[in-house]
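User: Please examine the model shown below and answer a series of questions about its architecture.

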Amino acid sequence: MASLHSQAVDSLFQAILGLETVEECYRFFEDVCTINELRDMAQRLEVALLLEEGCNYQQIAAKTNVSTATISRVSRCLNYGNGGYRAAIDKLKQSSEEE
């Protein structure tokens, strides 16, 4: 997604990287995103985590109320994307192991 790269997007990502607590993230994302946008992003990450655990589409759809089209898109990104989901999942696993 070369067209995504811009100074504005870089600034957004730098702002996100500077947040230090979950509470700071809540405050920032509630200001920046609609509730539905935030829920959608959280739901996609949940789908990626469930796919990583080996759940099938039907199990994920039943648990999350996400369409199979969304599950398929997340699966495609998880397996053939830019590694964003993989990096996030690995960091979540690492962080839970440290606790």
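User: In this predicted model, what is the handedness of the crossing in which α3 passes α4?
Analyst: The two helices α3 and α4 pack with their axes 10 Å apart, at an angle of about 145°. The crossing of α3 past α4 is right-handed.

User: Which residues of α4 make the contact with α3?
Analyst: By class, the contact of α3 with α4 has 5 nonpolar, 2 polar and 2 charged residues. On the α3 side stand Gln43, Glu46, Val47, Leu50 and Leu51. The α4 side is formed by Tyr57, Ile60, Lys63 and Thr64.

User: At what angle do α4 and α5 pack?
Analyst: Helix α4 covers residues 57-64 and helix α5 covers residues 68-80. Their crossing is right-handed. The axes of α4 and α5 lie 10 Å apart, and the angle is about 120°.

User: How many charged residues does the contact of α4 with α5 have?
Analyst: Helix α4 contributes Tyr57, Ile60 and Ala61, while α5 contributes Thr68, Ile71, Ser72 and Ser75. Sorted by class, this contact of α4 with α5 has 4 nonpolar and 3 polar residues, and the number of charged residues is none.

User: Is α5 roughly parallel or roughly perpendicular to α6?
Analyst: The axes of α5 and α6 are 6 Å apart, and the helices pack at an angle of about 85°. Angles of 65 to 115 degrees count as roughly perpendicular. Therefore α5 is, relative to α6, roughly perpendicular.

User: Which residues of α6 make the contact with α5?
Analyst: The contact of α5 with α6 has 5 nonpolar residues, no polar residues and 1 charged residue. From α5 come Val74, Cys77 and Leu78. Their partners from α6 are Tyr85, Arg86 and Ile89.

User: What is the C-alpha to C-alpha distance between tyrosine 85 and alanine 48?
Analyst: Tyrosine 85 is located in helix α6. Leaving aside residues up to four places away in sequence, tyrosine 85 touches Arg44, Leu45, Ala48, Val74, Cys77 and Leu78. Tyrosine 85 and alanine 48 are separated by 37 residues in sequence, and their C-alpha to C-alpha distance is 7.0 Å.

User: How much space lies in the largest pocket?
Analyst: The lining of the largest pocket comprises 31 residues. Those nearest its centre are Phe13, Phe29, Met41, Leu45 and Ala88. The space in the largest pocket comes to about 1600 Å³.

User: Which element gives the largest share of the lining of the largest pocket?
Analyst: The elements that give two or more residues to this lining are α1 (7-18), α2 (22-32), α3 (35-52), α5 and α6 (84-98). The largest share amounts to 6 residues, and the element that supplies it is α2.

User: How many nonpolar residues does the lining of the largest pocket have?
Analyst: Divided by class, the lining of the largest pocket has 5 polar residues and 4 charged residues. The nonpolar residues in that lining number 22.

User: How many helices does the secondary structure of the chain come to?
Analyst: Read from the N terminus on, the elements run α-α-α-α-α-α. The C-alpha atoms of the chain fill a box of roughly 40 × 35 × 25 Å along the principal axes. The chain has 0 strands, and its count of helices is 6.

Technical notes:
Residues are numbered from 1 along each chain as its sequence is written. This is a predicted model: local features need pLDDT of at least 70, side-chain atom pairs count only at pLDDT 80 or more; totals for chains, interfaces and linings use all residues. Side-chain values use heavy atoms; hydrogens and water are left out. Axes are lines fitted to C-alpha atoms, for helices over the stretch in contact, and angles run from 0 to 180 degrees between N-to-C directions. Helices (H or I, at least four residues) and strands (E, at least two) are DSSP runs, numbered from the N terminus. A crossing is left-handed if the near helix is turned anticlockwise from the far one by less than a right angle, and right-handed if clockwise. Contact means heavy atoms within 4.5 Å. Ala, Val, Leu, Ile, Met, Phe, Trp, Tyr, Cys and Pro count as nonpolar, Asp, Glu, Lys and Arg as charged, and the others, Gly among them, as polar. On a 1 Å grid over the protein atoms alone, a cavity is a set of points where a 1.4 Å probe fits but cannot get out, and a pocket is an open set with protein on both sides within 12 Å along at least five of seven lines; lining residues have an atom within 4 Å of a point. Grid points are joined across faces, edges and corners, and a volume is the space filled by probe spheres set on the points. Angles under 35 degrees count as roughly parallel, over 145 as roughly antiparallel, 65 to 115 as roughly perpendicular and the rest as oblique.
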